[in-house]
Amino acid sequence: MATIVDITDEKALEVKNFEFTYNGAQEPSLKNITMPIAKRSITALIGPSGCGKTTLLRSFNRMHDLYAGNRYSGSIEFEGRNILDAKEDLIKLRTNIGMIFQKPTAFPMSIFDNVAYGLRLQGIKNRSELNDRVEKALQDAAIWKEVSSRLKNDANGLSGGQQQRLCIARAIAVEPEVLLFDEPTSALDPISTQGIEKLVIELKERVSIIIVTHNMQQAARVSDYTGFMYMGELIELGVTEELFVTPKERLTEEYITGKFG
Amino acid sequence: MNPIKKRMLINRIILILSSLSALIGISFLFWILSVLIMNGVDAINWNIFTFEGAPPGYEESGLKHALIGQLIIVGVATLIGVPLGILGGTYLSEYGQKSKMAYIIRDISDIMMSAPSIVIGSFVYAIIVIPMGHFSGWAGVIALTIIMIPIILRTTDDMLQLVPSTLREAAFALGAPKYKVITSVVYRGAKVGVLTGILLGIARVAGETAPLLFTSFNDNFLNTDLNEPMASLTVTMYNYATSPYDDWQSLGWAAAFILSMFILGLNIVGRLLIMKRKGR
Ligand SMILES: Nc1ncnc2c1ncn2[C@@H]1O[C@H](COP(=O)(O)OP(=O)(O)OP(=O)(O)O)[C@@H](O)[C@H]1O
Ligand SMILES: [Mg+2]
């Protein structure tokens, strides 16, 4: 049985008995996951390659539904309802639960249009409101100074780190409740990585964050809670310092001391 | 001989051989082009654009009928073929994806692309011209559209598939519905590639003669009614160039010149777009 820390604060999400099987796969990729996600805090997911971190993360915004044949059971509670319900409005869900990918995903359009993309989807047409919210998002993502003079330029002209911050700006522009990060710095240099980490910590005042990372130092630096996954199961979820200093599970200890993975 | 010297020697031999063969190929191309330009430029004068066809020996004869007929046939074929090709390509890349149906359509259009155009001409002859009882501009339009659709369909399919799936996912993750993801992100990402496919598709059908011979046939005078036989540059060129009359032959050169320049222009723009895309 997994060791799950008791989270007494408000929860952003609550995963219960979640099981997930990819299209065509014999074995489920996620088995019996039960996991609370604390509100307005950062939860890191660590574990060896292929243990199911990305699979779990992409379950929170039902990204798996884009591809036919994936099966899941159990429940994920968000704002008092089970988002795995067939009746869930995925468009609304995804504006509430945003996602940042491993590689920057700047759209082939101007910097401004990138950030305005989600806002326009919500039907905001008013020019001055768009301008204000784009500027605010870019400022919150700590990239406004670098791009304010070239908002009309193609977003692909930005550096990798800038593009990743642009993607964060784009995601926070629609004011989501939860942000999902899948190894957001693995394609970036150390300086850009530092910038993103600082940003993630600042963002937790407003959003609940789940971040997948391969880098245990990164998990230790930024997160409040850390979940250790192994072979499709959540082995341990704990307060970050406690999990890294006094892990309760033998597997967790072996992983963080580098015995495998 | 030391190995480095030997390698340099082989390198030099290969370089000379390949440059020579390139030179031979290019010199034929330039030969054709220069003959075309010399004869074509000589044959071009204002009358060509203002007068319709006339019997041999008449001063006042031109290609106005063929130019306008060509524009109408190719233009209408483009208007029908481009949207159909793009929508079909969109289906393959975004909806059909790896389904059996999608692969069957891809295979069929690949076969269609390499089918001799005269086969398509005879097909349209059988299903349109014979039931109608006469040649018509529409029959020509349909023949060219059939040739154009698989080209545009396959380039669109390929170009859309080149757009990384993470880009699509990123748009979905912002709450975009599928049609929005396709129109606002995927099309944008593939814009230049799709446009290039369209240009190359138009260039391909603009030079077709065989499928028009059986369909739109010809008319020595200006006709803008697609229900009637209609002149085109290619068929006119074919008729004039094979005629025994000097003045008709000269008009044939002019038609060949105008058509070649048009297709060359389309190809150059297409290539420039591809280069721009790569340079980015
Ligand atoms: N599209 C897919 N179809 C089938 N199986 C998949 C698919 N994607 C992932 N898997 C499998 O699901 C399991 C979990 O993969 P997942 O990508 O979630 O791992 P991860 O923890 O994110 O690994 P990494 O650290 O390498 O990113 C793996 O065994 C993987 O092979
Ligand atoms: Mg992963």
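**Close-up views of the predicted model**

**Figure 1. Phe18(A) is buried, its relative accessible area being 0%.** Here buried denotes a relative accessible area under 20%, exposed one over 50%, and partly exposed a value in between, computed with a 1.4 Å probe on protein chains only. The model is predicted, so that local features require pLDDT of at least 70 and side-chain atom pairs count only at pLDDT 80 or more, whereas totals for chains, interfaces and linings use all residues. Residues are numbered from 1 along each chain as its sequence is written, chains are lettered from A and ligands numbered from 1 in the order in which they are written, and side-chain values use heavy atoms, with hydrogens and water left out.

**Figure 2. Phe18(A) and an aromatic partner in chain A.** Over all chains, the structure holds 13 aromatic pairs. One of them, Phe18(A) with Tyr72(A), is tilted, with 6.4 Å from centre to centre and 35° between the planes. Phe18(A) belongs to strand 2 (residues 11-21) of chain A and Tyr72(A) to strand 5 (residues 71-78) of chain A, so the pair ties together parts that lie 54 residues apart in sequence. Rings of Phe, Tyr and Trp (its six-membered ring) pair if their centres lie within 6.5 Å; planes under 30 degrees apart are stacked, those over 60 edge-to-face, and the rest tilted. Tyr72(A) is partly exposed, at a relative accessible area of 27%. One aromatic cluster is formed by Phe18(A), Phe20(A), Tyr22(A) and Tyr72(A).

Figure 3. Thr43(A) is placed in strand 4 (residues 42-46) of chain A. Helices (H or I, at least four residues) and strands (E, at least two) are DSSP runs numbered from the N terminus. Leaving aside residues up to four places away in sequence, Thr43(A) touches, among others, Met35(A), Ile37(A), Ile210(A), Tyr225(A) and Leu237(A); contact means heavy atoms within 4.5 Å.

Figure 4. Helix 2 (residues 90-96) of chain A contains Asn96(A). With residues up to four places away in sequence not counted, Asn96(A) touches Phe78(A), Glu79(A), Pro176(A), Glu177(A) and Val178(A).

**Figure 5. The interface of chain B and chain A.** In this interface, 19 residues of chain B are in contact with 23 residues of chain A. Together the two chains bury about 1800 Å², 69% of it on carbon and sulfur atoms. In chain B, the residues that lose the most area to chain A are Glu169(B), Ala173(B) and Leu174(B), together 37% of what that side buries. Buried area is the accessible area (1.4 Å probe) that two parts lose on being put together, summed over both.

**Figure 6. Glu169(B) and Arg58(A) in a salt bridge.** The rule finds one salt bridge across the interface of chain B and chain A, defined as a side-chain nitrogen of Lys or Arg within 4 Å of a carboxyl oxygen of Asp or Glu. In the salt bridge of Glu169(B) with Arg58(A), the closest N and O atoms are 2.8 Å apart. Helix 7 (165-173) and helix 8 (178-206) of chain B are the elements that give two or more residues to the side of chain B touching chain A. Helix 7 of chain B gives the most to that side, with eight residues.
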